[in-house]
Amino acid sequence: MDGFIALVIALVKANGLAHSSIHQKRAVLTLPGYFRPTKLWDLLVLHEGRLIAAVELKSQVGPSFGNNFNNRTEEAIGTAHDFWTAYREGAFGNKPRPFVGWLMLVEDAPESRASVRDSSPHFPVFPEFRGASYLKRYDILCQRLVQEQLYTTASIITSPRTATDSGDYSDLSDMTNLKTFVASLAGHVASEAARS
């Protein structure tokens, strides 16, 4: 995911906060939580004592898409709930809302694109999940993470293992594509730069 970290850093610098503190070393990537003492993020941007952005970058390859999907889903929801509760309680000072982003790269493979069956013997599964592939489930997850205001933006992209040299990837929807992630982050950083 180093290429995505480089992309975020370039966006921050190009949109007016070149002199901000961009943290990517493990020792300085923790923020206070509400339900736990701290949370380790993948990248943090601070400027003049303000938290500008906190970004999570995740990836998943097969073959165990089912277990990993459930684990990533629970982690994403829990992290966001913990973060925004800490924000509400003043953990980051009385400052404007930061950008909180979640970007997921999933292997484009037959198993990630295949229809998946679910068993829910007591109550029906929501229709949009019935027969949905793991990629489609990630797309629904990302859309809902944003709709529920858990993340400023959440994106899912997919790429085959053979694309390690070419960088080829695919998006799944307008709401969750890489361009939306980039535009949202760039707009937030530009807004914060104008405030400085």
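1. Two strands are taken to pair if DSSP finds at least two bridges between them. In this predicted model, strand 7 and strand 8 (residues 170–171) pair in the antiparallel sense over two bridges. Within that pairing, Ser170 of strand 8 is the bridge partner of Thr158.

2. Strand 7 also pairs with strand 6 (residues 99–107), here in the parallel sense and over seven bridges. Thr158 of strand 7 stands opposite Val106, and, as noted above, Thr158 has Ser170 as its bridge partner in strand 8.

3. Turning to the helices, helix 2 (residues 65–88) packs with helix 4 (residues 134–147) at an angle of about 5 degrees, and their axes lie 11 Å apart. Because angles under 35 degrees count as roughly parallel, helix 2 and helix 4 are therefore described as roughly parallel to each other. On the side of helix 2, the contact is made by Phe65, Gly66, Asn68, Phe69, Arg72, Thr73, Ala76 and Ile77, and on the side of helix 4 by Tyr134, Arg137, Tyr138, Leu141 and Leu145. The residues of this contact between helix 2 and helix 4 divide into eight nonpolar, three polar and two charged.

How values were computed:
Residues are numbered from 1 along each chain as its sequence is written. This is a predicted model: local features need pLDDT of at least 70, side-chain atom pairs count only at pLDDT 80 or more; totals for chains, interfaces and linings use all residues. Side-chain values use heavy atoms; hydrogens and water are left out. Helices (H or I, at least four residues) and strands (E, at least two) are DSSP runs, numbered from the N terminus. Axes are lines fitted to C-alpha atoms, for helices over the stretch in contact, and angles run from 0 to 180 degrees between N-to-C directions. Angles under 35 degrees count as roughly parallel, over 145 as roughly antiparallel, 65 to 115 as roughly perpendicular and the rest as oblique. Contact means heavy atoms within 4.5 Å. Ala, Val, Leu, Ile, Met, Phe, Trp, Tyr, Cys and Pro count as nonpolar, Asp, Glu, Lys and Arg as charged, and the others, Gly among them, as polar.
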